[in-house]
Amino acid sequence: MANTFKEEPSAKEKKKKTKGDASADPELKAYFTGNRPRILLGLFLLLFSVLSLVGFISYSFTWKEDFAAIVGQGSWTYLFTGGESDVLAGNWLGRFGAWISHLFVREGFGLAAIGISYLAFVIGVRVLFVDTKFKLFRLVEPAITFMIFISGTLGYIFGILQPGEVSFLGGAFGFYVSGWIAEFIGSVGAGLFWLVAWLAMISIRFNWVFTTPSWFNASEEAEFQEEVPLAKAAPKVKPKVVPEPEVEVEAPVELENDNTFLEEPEEEAIDFDFETPSTPKPEKEPVSNTEFEVVMPEPEMAPPPPPVTPMTEPAVVAPRLDDPDELSKELLAKYGPYDPYADLPTYQLPILDLLMEHGDGRVRIDQEELQKNKDQIVETLSHYKIDIDKIRATVGPTVTLYEIVPAPGVKISKIKSLEADIAMSLAALGIRIIAPMPGKGTIGIEVPNKNPEIVSMRSLLASEKFQESSAALPIALGKTITNDNFIVDLAKMPHLLVAGSTGQGKSVGINAILMSLLYKKHPADLKFVLVDPKRVELPLYQAIERHFLAKLPNEDEAIITDVTRVVNTLNALCVEMDLRYGLLQKAMVREIKAYNQKFKERKLNPENGHRYLPYIVVVVDEFADLIVTAGREVETPIARIAQLARAVGIHLIIATQRPSVNVITGTIKANFPGRIAFRVSSKVDSRTILDEGGADQLVGRGDMLVSNGADLVRLQCAFVDTPEVENVCNFIGSQKGYTSAFLLPEPEDPDGEIGISDFDPTDRDKMFDDAARIVVQFQQGSASLLQRKLKLGYNRAGRIIDQLEAAGIVGSFEGAKARQVMFSDLNQLEEHLKRLKENE
């Protein structure tokens with residue numbers, strides 16, 4: 001049988017193995033991993049900076065006592081033992097202050113040794129608070145240069161005043177350097193050397209350019225005169241301002257807990273250039289405890305918007321009846337692109353100073369509140385035997401989102417059914433459970449914060465995301481739970497339905513939408529049709545009538561408050577929509593953006609009816625009142641506009657405080673994919689506006705849910721106060737505007753009850769003669785004029801206008817223009833009416 005044995009390792013191998021085991025000590029690696037070395041180094045440098053500065057300042061007063069205590073013995077011996085000298089140091093920092101001052105001041109650079117304290121302070125701050133990725137040479141080189149020059153200059157001066165003696169003002173470095181230079185080129189030469197050296201150093205350091213004296217230039221020009229061709233001035237190039245990028249920081253926050261917390265940050269740690277040994281990642285073990293992580297992104301900041309300075313262009317010149325393409329190129333080369341801003345060339349967008357800053361825009365974390373809510377959620381779920389593997393908390397301005405990962409085998413529906421129990425345990429309103437989170441393998445529990453933050457409208461409008469938005473109609477609604485600015489394009493929505501109970505932020509949300517558009521668009525690009533049946537929400541915008549508002553011809557006020565006028569305006573918008581579709585058809589384009597671009601390139605002839613088309617945004621503040629009063633007369637044109645008006649730039653924003661099924665009908669909902677829901681009173685109302693629950697669980701005061709045909713997004717609406725709206729409107733109204741508001745076309749008879757072809761001359765209205773006299777008296781043939789003067793309904797006034805046309809008193813319908821009146825005075829009219837009666 002063979003003997004089997006193992007060879008014993010040698011002593012060298014044992015030593016190597018022992019060394020390897022020590023270096024692989026996990027505790028030692030953990031100690032030197034992370035930010036601990038950076039913090040220790042930064043604190044040490046700051047402490048050394050303060051102590052050395054105090055010692056240097058004290059040495060300027062106690063240098064005799066300090067020098068007497070150290071002289072004759074080693075400085076290191078004196079520092080640690082005090083030496084054999086009976087003289088005590090007078091420095092404020094004792095032996096350490098005397099020793100370090102003697103080393104760096106007297107034996108070093110003199111008073112210039114303060115630069116050492118400066119270097120230690122600057123490097124310590126950069127390491128501890130700012131960033132360790134800096135170039136050391138850029139910090140050290142200026143300080144060392146000034147220390148050398150100051151020490152050498154003081155050594156030269158005091159070498160003359162006190163020859164052969166080292167002065168603490170210049171230090172030993174300055175004494176020996178200046179002494180060697182003086183021996184080499186003499187005292188006078190040494191003085192000139194330091195003077196020239198200082199001038200050269202300052203010139204290089206601060207880019208100091210020596211200019212030639214004027215008397216010398218004059219003599220040079222007199223002696224040497226040559227003809228030099230003038231160089232063309234280089235064009236001035238306006239520097240492009242590049243805004244700082246948005247920075248979002250996700251900072252995981254550890255909370256104390258007995259057995260349910262594990263820190264697992266998702267973002268990479270900040271690199272401070274400290275080399276640390278790499279630790280192999282351990283294999284994943286079964287999770288037995290609950291992880292908790294808090295995410296708080298920083299708000300984004302951005303520079304304020306630049307003022308609009310549109311170019312002034314000549315008026316549109318009608319092209320000749322030649323080849324359209326060649327003619328458009330000729331006009332474009334001669335006059336340049338058509339400028340829609342030429343009528344208001346000095347118009348400026350509102351400035352951000354008109355808005356107030358509500359709060360600082362930062363989300364604050366309450367660790368105690370987070371810990372308490374987390375414990376309550378875990379405890380409530382544990383009562384129903386539901387285990388949790390991980391909790392992640394995202395803190396928003398109003399609501400904190402707790403994302404939980406349940407243990408394997410837990411049914412989502414079981415957690416969803418505990419919504420009321422969790423709300424009771426947390427003693428908070430507005431608890432909403434999202435099971436599951438869209439695109440994530442988690443379940444979300446939204447819990448309102450005890451101290452919600454106000455989202456300022458100014459911070460949204462100043463953000464880089466809004467300023468650089470290329471949307472046709474950008475609107476800033478608010479901030480999400482992750483503190484991101486929520487900016488959407490109304491032109492892509494393309495219509496918006498807003499609902500919410502009284503006092504929940506609905507009117508503030510409408511003001512936020514209007515402010516967003518006013519801060520981004522020129523009056524030539526946008527017009528508003530404002531409907532306010534309550535008569536108290538939108539009157540502030542009357543100041544911008546000549547800039548942004550649209551109305552019917554001969555209307556006194558642009559803000560519509562009467563139901564009859566609302567019906568007429570909606571029918572006029574239908575007429576405008578049909579006219580715009582006719583223009584798009586002639587231009588062979590599909591939407592308003594391409595049409596306006598073609599018009600700017602002078603490819604469309606104004607003599608053929610083409611014109612620049614602004615966007616029209618219709619805002620109805622209380623839709624329920626219109627439905628109750630007018631019913632189908634309002635619903636029919638709104639449904640038609642919602643179905644067809646997107647391509648021609650007409651968009652609807654309808655708000656109501658009563659989102660019931662008889663107000664928001666199926667026809668309305670089908671054509672309004674964009675929905676905003678503030679807090680409502682019941683789940684039925686929430687399903688009416690959003691097709692699902694959730695709006696009844698909001699906390700109010702601007703807390704809202706936004707849907708655009710996809711997933712719901714919870715926002716805190718931007719707050720803009722009434723004085724801010726007034727300031728912005730007055731700022732716009734004080735500028736030069738158009739001669740009147742944008743005029744909508746006269747509406748047609750919506751029911752088509754009567755026409756010229758089937759008109760019976762013997763079946764005239766009783767008010768026919770009076771209507772004819774009013775039309776001739778005011779020289780304007782419009783149904784709205786008859787409605788105001790004779791107090792008639794729209795249908796009856798429209799029939800009378802058709803009768804007047806059949807009788808030859810007014811002309812035919814001409815779109816946006818009023819009908820032509822065929823008689824210039826009442827005498828001619830009376831004779832005409834007399835002839836009509838004789839012919840009957």
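Helices (H or I, at least four residues) and strands (E, at least two) are taken here as DSSP runs, numbered from the N terminus. The model is a predicted one, in which local features need pLDDT of at least 70 and side-chain atom pairs count only at pLDDT 80 or more, while totals for chains, interfaces and linings use all residues. Residues are numbered from 1 along each chain as its sequence is written, and side-chain values use heavy atoms, with hydrogens and water left out.

With a relative accessible area of 15%, asparagine 449 is buried (buried means under 20% relative accessible area, exposed over 50%, and partly exposed in between, using a 1.4 Å probe and protein chains only). Leaving aside neighbours within four places in sequence, asparagine 449 is in contact with Glu369, Gly396, Pro397, Thr398, Val399 and Thr400, where contact means heavy atoms within 4.5 Å. The C-alpha atoms of asparagine 449 and glutamate 369 are separated by 8.4 Å, although these residues are 80 apart along the chain.

The sheet comes next. Nine strands form an open sheet with mixed pairing, in the order β7-β6-β15-β14-β13-β8-β12-β11-β9; two strands pair if DSSP finds at least two bridges between them. At the edges are β7 and β9 (526-531), each of which pairs on one side only. On average, neighbouring strands of this sheet are turned by 30° against each other, direction ignored. Axes are lines fitted to C-alpha atoms, for helices over the stretch in contact, and angles run from 0 to 180 degrees between N-to-C directions.

How enclosed is strand β12 (residues 650-656) by the rest of the structure? Seven of its seven residues are buried, so β12 is largely enclosed. In a regular strand the side chains alternate between the two faces of the sheet. Both faces of β12 are covered, with Ile650, Leu652, Ile654 and Thr656 buried on one side and His651, Ile653 and Ala655 buried on the other. Helix α23 (residues 683-690) lies across β8, β13 (674-677) and β14 (703-708), and runs at about 155° to β13.

Nonpolar packing can be described in terms of cores, a nonpolar core being a set of buried Ala, Val, Leu, Ile, Met, Phe, Trp, Tyr and Cys residues joined through side-chain atoms within 4.5 Å. The largest such core has 118 residues, and those with the most contacts inside it are Leu477, Phe528 and Tyr541. Helix α18 gives the most to this core, with eleven residues. Tyrosine 541, leaving aside neighbours within four places in sequence, is in contact with Asn511, Leu514, Met515, Leu518, Leu530, Leu549, Ile559, Val725 and Cys729. A second, separate core of 23 residues includes Leu792, Ala807, Phe823 and Leu836.

The axes of α20 (residues 623-630) and α21 (residues 632-644) come within 6 Å and cross at roughly 125°. The two helices are therefore oblique to each other, given that angles under 35 degrees count as roughly parallel, over 145 as roughly antiparallel, 65 to 115 as roughly perpendicular and the rest as oblique. Phe623, Leu626, Ile627 and Ala630 of α20 meet Arg632, Glu633, Val634, Glu635 and Ile638 of α21 in this contact.

Finally, several loops carry backbone features. The peptide bond from methionine 493 to proline 494 is cis, with omega near -15°, and proline 494 is placed in the loop between β7 (485-489) and β8 (496-499). Lysine 385, in the loop between α11 (367-383) and β2 (388-395), has a positive phi of about 60° although it is not a glycine. Lysine 385 is exposed, with a relative accessible area of 75%. Methionine 588 likewise has a positive phi of about 60° without being a glycine, and is exposed at a relative accessible area of 72%.
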